[in-house]
Amino acid sequence: MRYIGYRKDDEVFIGLLEKGKIRSLGQADDFYRDVEAALARTDGEVMDAGSVRFAPPVPATSRIFCVGINYRDHAAEAKKLVGIDEPKVPMIFGRWATTLVVDGTPVPVPPQEQGLDWEVELAVIIGRKTWAATEQNAMNAVLGYTAFNDLSARAKQMATHQFTLGKNADYSGPIGPCVVTKDEISNVNNLRVVARVNGEVVQDGNTKDFIHGIPRIISYITDTVSLLPGDVIATGTPGGVGISRTPPRYLKPGDVVEVEVVGIGAVRNPIVRRDQFQILSEERR
């Protein structure tokens, strides 16, 4: 199954994609309260896919757990750039759900940044409450997968040892275009992930190069924190980020960045100035 988030009357709903149509599975909070029941629904309103306003396919209460340095080639970049060794355990930092945006949303560059950096990632969507998972049963928590762009404000990120501000710039978390349930993915450890800037491939990796696999990540998180339905785990990015280049390369206003998980889909977003973003936002009201 493939499902999306969409807005109706200022609320987020979840809809099942079926041959260019969307069948409503209910309001997002209700969907994640009982995922199995929601996916079994057959009585929802049917709409043309082009008639809805898309939204991130998670509840407003979603937590985004991001995994830093989780591909071996990216670990080599980080070692060279800042001297960080390959992590022996998953390196977890957080994002806020308010940073999430969908395909086509303009993303503004913060005024004190040279630009934003791209990071293509496979994102895991959690489908059930999970505490103290083992690596053997951790995949029972997974509902599905989607693409994620962990757009990074590197000046803020590199200014201190804490990632929070640099990883939570306004509108810096493109996600989607849909969630593909895990039964549709034959091998999550062999998915190609690609980032493009203005059509040029800047990252081209594969999840087979994870340092820490998804079961290990879920087990590690739930040693301390319960994962809840609708939570997101962004599993890390491969090598090829802009800050690692000589000279560093960043996304500037006028650029278009696209991230794709092959077999799931791509999210494409224009980069704009902060003042331009405010004008665009007013025009969309």
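Predicted model: local features only at pLDDT ≥ 70, side-chain atom pairs only at ≥ 80, totals over all residues.
Figure 1. Strands of a sheet pair through backbone hydrogen bonds, in parallel or antiparallel fashion.

**Figure 2. Strand 13 and strand 16 run antiparallel within the sheet.** Strand 13 covers residues 192-197 and strand 16 covers residues 256-261; five bridges join the two. Arg196 stands opposite Glu258 of strand 16. Arg196 also forms a salt bridge with Glu260, and the closest N and O atoms of that pair are 3.0 Å apart.

**Figure 3. Ser62 sits in a loop between two strands.** The loop runs between strand 5 (53-55) and strand 6 (63-68). Ser62 has a relative accessible area of 6% and is therefore buried, the cut-off being under 20%. Leaving aside residues up to four places away in sequence, Ser62 touches Ala97, Gly230, Asp231 and Val232.

**Figure 4. The second largest pocket is lined by 27 residues.** Its volume is about 380 Å³. Which residues of the lining lie nearest the centre of this pocket? They are Val82, Ile84, Gln157, Met158 and Phe163. Strand 6, helix 3 (72-82), strand 7 (91-96) and helix 4 (154-159) each supply at least two residues of the lining. Helix 3 gives the most, with five residues. By residue type, the lining divides into 13 nonpolar, eight polar and six charged residues.

**Figure 5. Arg154 and Glu119 meet in a salt bridge.** The structure holds 20 salt bridges. In this one, the side chains of Arg154 and Glu119 come together at 2.7 Å, N to O. Arg154 belongs to helix 4 and Glu119 to the loop between strand 9 and strand 10 (120-126), so the pair ties together parts of the chain that are 35 residues apart in sequence. Are these two residues buried or exposed? Arg154 counts as buried, at 6% relative accessibility, and Glu119 is also buried, with a relative accessible area of 5%.

**Figure 6. Asp150 forms a salt bridge with Lys167.** The closest N and O atoms of the pair are 2.8 Å apart. Two loops are linked here: Asp150 lies in the one between strand 11 (142-149) and helix 4, and Lys167 in the one between helix 4 and strand 12 (173-181). The two residues are 17 apart in the chain. Asp150 has 0% relative accessibility and counts as buried. Lys167 is buried as well, with a relative accessible area of 2%. Salt bridges that share partners join Asp150 and Lys167 with Arg95, Asp117, Glu119 and Arg154 into one network.

Definitions and conventions
Residues numbered from 1 in each chain as written. Heavy atoms only, no water. Pairing = 2+ DSSP bridges. Helix = DSSP H or I, 4+ residues; strand = E, 2+ residues; numbered from the N terminus. Buried < 20%, exposed > 50% of the residue type's maximum accessible area, 1.4 Å probe, protein only. Contact = heavy atoms within 4.5 Å. 1 Å grid on protein atoms, 1.4 Å probe; cavity = no way out; pocket = protein on both sides within 12 Å on 5 of 7 lines; lining within 4 Å. Points joined across faces, edges and corners; volume = space filled by probe spheres on them. Nonpolar A, V, L, I, M, F, W, Y, C, P; charged D, E, K, R; others polar. Salt bridge = Lys/Arg side-chain N within 4 Å of Asp/Glu carboxyl O.
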